[in-house]
Amino acid sequence: MKGWNWRVADFGKEEVFDYLLDVANKHQIKVDKTKDYLILEKQNQIEEEKGNG
């Protein structure tokens, strides 16, 4: 079975992504992140580490 594609219009709010991941985890829904999303996620993590270090 192929799954659903979700488009999120309000990219400025991290809470939206956190909420979607929480719902997926709660209901045992598999989450696939695109290659581009994974790159952005990694860049964000690096920026956060620079700010904290």
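Rings of Phe, Tyr and Trp (its six-membered ring) are taken as an aromatic pair if their centres lie within 6.5 Å; planes under 30 degrees apart count as stacked, over 60 as edge-to-face and the rest as tilted. The structure holds one aromatic pair. F17 and Y37 form this pair, which is tilted, with 5.9 Å from centre to centre and 45° between the planes. The pair links distant parts of the chain, as F17 lies in helix α1 (residues 14-26) and Y37 in helix α2 (residues 35-52), 20 residues apart.

The model is a predicted one, in which local features need pLDDT of at least 70 and side-chain atom pairs count only at pLDDT 80 or more, while totals for chains, interfaces and linings use all residues. Residues are numbered from 1 along each chain as its sequence is written, and side-chain values use heavy atoms, with hydrogens and water left out.

The secondary structure of the chain comes to two helices and zero strands. Helices (H or I, at least four residues) and strands (E, at least two) are DSSP runs, numbered from the N terminus. Accessibility was classed by relative accessible area: buried means under 20%, exposed over 50%, and partly exposed in between (1.4 Å probe, protein chains only). Of the 53 residues of the chain, 4% count as buried. The accessible surface of the chain is about 5600 Å², and 53% of this area belongs to carbon and sulfur atoms; areas come from the Shrake-Rupley method with a 1.4 Å probe, and for residues only the protein chains shown count as cover.

Side chains of opposite charge can pair when their charged atoms come close. With a salt bridge defined as a side-chain nitrogen of Lys or Arg within 4 Å of a carboxyl oxygen of Asp or Glu, the count comes to three. One joins the side chains of D32 and K30, at 3.3 Å from N to O, and both residues are exposed. D32 is found in the loop between α1 and α2 and has a relative accessibility of 62%. The C-alpha atom of D32 is separated by 9.8 Å from that of G3, which is 29 residues apart along the chain.

Another salt bridge is formed by the side chains of E41 and K33, at 2.8 Å from N to O. E41 is partly exposed at 32% relative accessibility, and K33 is partly exposed at 32%. A further salt bridge, at 4.0 Å from N to O, joins K50 and E47. Both of these residues lie in helix α2, three residues apart, about one turn of the helix. K50 is exposed, with a relative accessible area of 60%, whereas E47 counts as partly exposed at 49%.

A negative surface patch is formed by E14, E15, D18, D22, E48 and E49. Patches are made of residues with over 30% relative accessible area and no salt bridge, like charges being joined within 9 Å and nonpolar side chains (Val, Leu, Ile, Met, Phe, Trp, Tyr) within 5 Å. Lys and Arg count as positive and Asp and Glu as negative; His and the chain ends are not counted. The place of a charge is taken as NZ of Lys, CZ of Arg, CG of Asp or CD of Glu. Helices α1 and α2 each supply at least two residues of the negative patch, and the largest share, four residues, comes from α1. E15, located in helix α1, counts as exposed because its relative accessibility is 56%.
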